[in-house]
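Please open the model in your viewer and keep the sequence panel beside it. This tour goes from stop to stop, saying at each one what to select and what is there.

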Amino acid sequence: MPLNRPILDDRSYVQLRDELIRRIPVYAPEWTDHNPSDPGITLIELFSFLGENLLYRFNQIPDATYMEFLRLLQIPLRPATASRTLAVITTKEANGVRVPRGTEAKAGSVLFETLTEVRALPVTCLAVSKREVDPPLAESEEGIFFKQSYESVGLASEDATAPYKSELVPTESPGIPVDFDKAVDSMLWLAVLAENVEAVETVKKHLAEHKDAPLLLNIGFVPEIRLDADEEIPSPKFTERFRCPGEETTIDFPAVQWSISTGVFEGDGTPLYRSLTIEHDTTEGLSREGVIRLRLPRDLVNMGDFPVDDPDMVGTGDLPPRLDDEETERRVIFWLRAFHLEGNGFGKVLYVGTNATQVVQTRQAKAEFLGTGNGQPNQEYALIHKNGVSGSLDLEVEESKGWQSWKETYSFHASRESDRQYVLDAEAGKVKFGNGLQGYTPQIGQRIRVLSYRYGGGLKGNVAPGAISKLNGISSVKVTNPLVAYGGADAESLEKALDRIPGELRRRDRAVTSDDFRELAEMAPGANIGRAECLPLYHPHLPKTDSSGVVSVIVWPTEDNDNPDAPMPNKNQLRSVCQWLDARRLVTTELYVLPPRYREIAVAVGLQVKAGYGIDAVRHWVELVIRQYLAPLPPYGPEGKGWPLGRRIHGPELEAAALQVEGVEYLVDLQVVGWDSNGIRLDNTVELRRDEVIELIGITVEVGPVTVDVGEALQPKPPKKPAVPVPVLKEEC
């Protein structure tokens, strides 16, 4: 039988009053006036009112007991997660303005803090790619200019040239990434600009002769976070890209070399570049969002743009790329270039900017005195602020040898009697100590203090681009965030915490079974995952073979505004899920966190409408029902959990779904069309691979027989056909 939550007493005010009035003849037969005007009835009504309130409180006992179980099981609510983004600071001060780490930035009432120190310099930048293009026609104006360019560097024909056009990474309202894998030289070029032409020499002098020289230049880098839809999934490159290594695994990030233009040519006419020292890099070799801090040279002779007398030579060979705007070219102070030592490209880049720092939606708390130890087990003390950041708490206890630092731990299950450890309940803002057997306890009279910690987070931190507009305490700079902030989420509600108690008891915060991986993936903090599926023994590079010890988790975002019918997680979401699961998997488990694969299909329905029903309304509802039936995200799909992975799509089951619409008399025709991996058309039934779901790219609902061939929308496309850089003149309108 079902274990329903008991209602101990559900009588209402009216029921209590009526029951008491019915008992009057039994206990007081001489009382005959039962009208509301009688004082005795008034007392009964007052008693009924108070009784209803008492019964309401009495019925809360099951909920209170449930929450007490939650407390006894030591299952705290999950805290809010903090959003983060990249902030760019600008100034007109010639010597720059230093912005310390931990400076507060504001987006209205939402507070952020900087994670990297930055000296805001009066410079901006343009990131440029030498994008490969086809040679222009010889008789065109572009062709004549192209010929003059390669002849100016001593080439007799275009056979040894690599034609390119300069493609700029947008600095305002970034949205269209630039693919640096298509660059002819596999380099990322960065033009560092002054505010105007007159300020070039002045800024250069201040950079080289600054009292704190050599200065550090902060460069913010944001790669494209959307996944490539055309990337071949069963490939070694794909496999390595989505593999989740252990936290202790040493990862060799790709080596990136940065150099600066000197403005000087060597004896053979080759432009001279000087290598720069990378002081700090959170981009992991320009592979993820972060900040690179480069040490600029101290001497003026080691920075400058290359003077070229022959205009036909601009942008050729090892020279920086040609900029289409002459005014912008004259504002160039120097060029920076970055390249992989292995010759690889940098992929798609969304944004590059100077004077950048990462900001996170947290604040630094001041020192707090928590209290004095009493020697009892399981001592608990409250912080002033809730939603503390795990790992940021600096807690000390005054012992006989002075103030001793204690370490944070996840739980006391593995703690020894002498371990100076504590557990942080981040959501509640409480610090808990051990019981004396598992974890040492603060003794009588020992004072407890917290020197600092960080706190904050919440969904409101996912602010729009440009929302961050102020730095507290610094008035001579401007700050903005060119991209949207991401990763913020509110603290877990009590209802959700109560619902996950059975799962917590089963998995113990460890990913072992398929359900463990699926449930934990959906709970990854700040990842905004709407659905997750676990494929045990599935290796993405060997999809047809069971691989021992391999687990693949496929995740869908809650929403995807770019692809609402085929939502795809971005790289940030995959990284968040990977980090969350990686800390909870078995050490022997090889883990992959993958995006879903979609099989495109089209559907055509011919139907007959019952008399008295609107034709357009019935057609609309049939289309909506089929779209929801094939949707990949809950609460849609055949069972309300999205279309199952690997389940074939069969025409008759769509007929059954369409016939559920009121107003449909019968179906005249129904077509389901798809294509397999070999380009063979599939009708009526489309088989899916183990990791595939449906993407409905076309649907037609008609009255009567189907008159269109929906398969034409799915015709397979032919494969794409697969030197000295020489610029190609852009066409002018």
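Which residues does Q446 touch, not counting residues up to four places away in sequence? Select Q446 and you will find that it touches G371, T372, G373, V397, E398 and E399, where contact means heavy atoms within 4.5 Å.

Before going further, note that this is a predicted model, in which local features need pLDDT of at least 70 and side-chain atom pairs count only at pLDDT 80 or more, while totals for chains, interfaces and linings use all residues. Residues are numbered from 1 along each chain as its sequence is written, and side-chain values use heavy atoms, with hydrogens and water left out.

Stay with Q446, which sits in the loop between β25 (430–433) and β26 (447–455); helices (H or I, at least four residues) and strands (E, at least two) are DSSP runs, numbered from the N terminus. Q446 is buried, with a relative accessible area of 13%, since the term buried means under 20% relative accessible area, exposed means over 50%, and partly exposed lies in between (1.4 Å probe, protein chains only). If you also select Q443, its backbone nitrogen lies 2.9 Å from a polar atom of the side chain of Q446.

Now zoom out to the whole protein chain, which has 14 helices and 38 strands. The C-alpha trace spans about 125 × 90 × 60 Å along its principal axes, and buried residues make up 47% of the 733 residues.

Next select strand β30 (residues 550–557), where 8 of 8 residues are buried. V550, S552, I554 and W556 point one way from the strand, whereas V551, V553, V555 and P557 point the other way.

Another sheet is the following stop: 5 strands form an open, antiparallel sheet in the order β8-β17-β10-β15-β14. Its edge strands are β8 (178–179) and β14 (277–281), each of which pairs on one side only. Between β14 and strand β15 (residues 290–295) there are 4 bridges, and the bridge partner of I278 in β15 is L294.

The last stops concern the backbone. Most residues other than glycine have a negative phi, and most peptide bonds are trans. Select A213 and P214, which are joined by a cis peptide bond with omega of about 0°; P214 lies in the loop between α6 (200–209) and β10 (216–223). A cis peptide bond also joins P634 and P635, with omega of about 5°, and P635 is found in the loop between α13 (615–630) and β33 (649–650).

Is N528 buried, exposed or partly exposed? Select N528 in the loop between α11 (514–522) and β29, and you will see a residue that counts as partly exposed because its relative accessibility is 42%. The phi of N528 is near 60°, a positive value in a residue other than glycine. Finish at S186, which is not a glycine either and has a positive phi of about 55°, in the loop between β8 and β9 (187–193).

Note on methods. Polar contact = N/O pair within 3.5 Å; in protein donor to acceptor, adjacent residues only side chain to side chain. Pairing = 2+ DSSP bridges.
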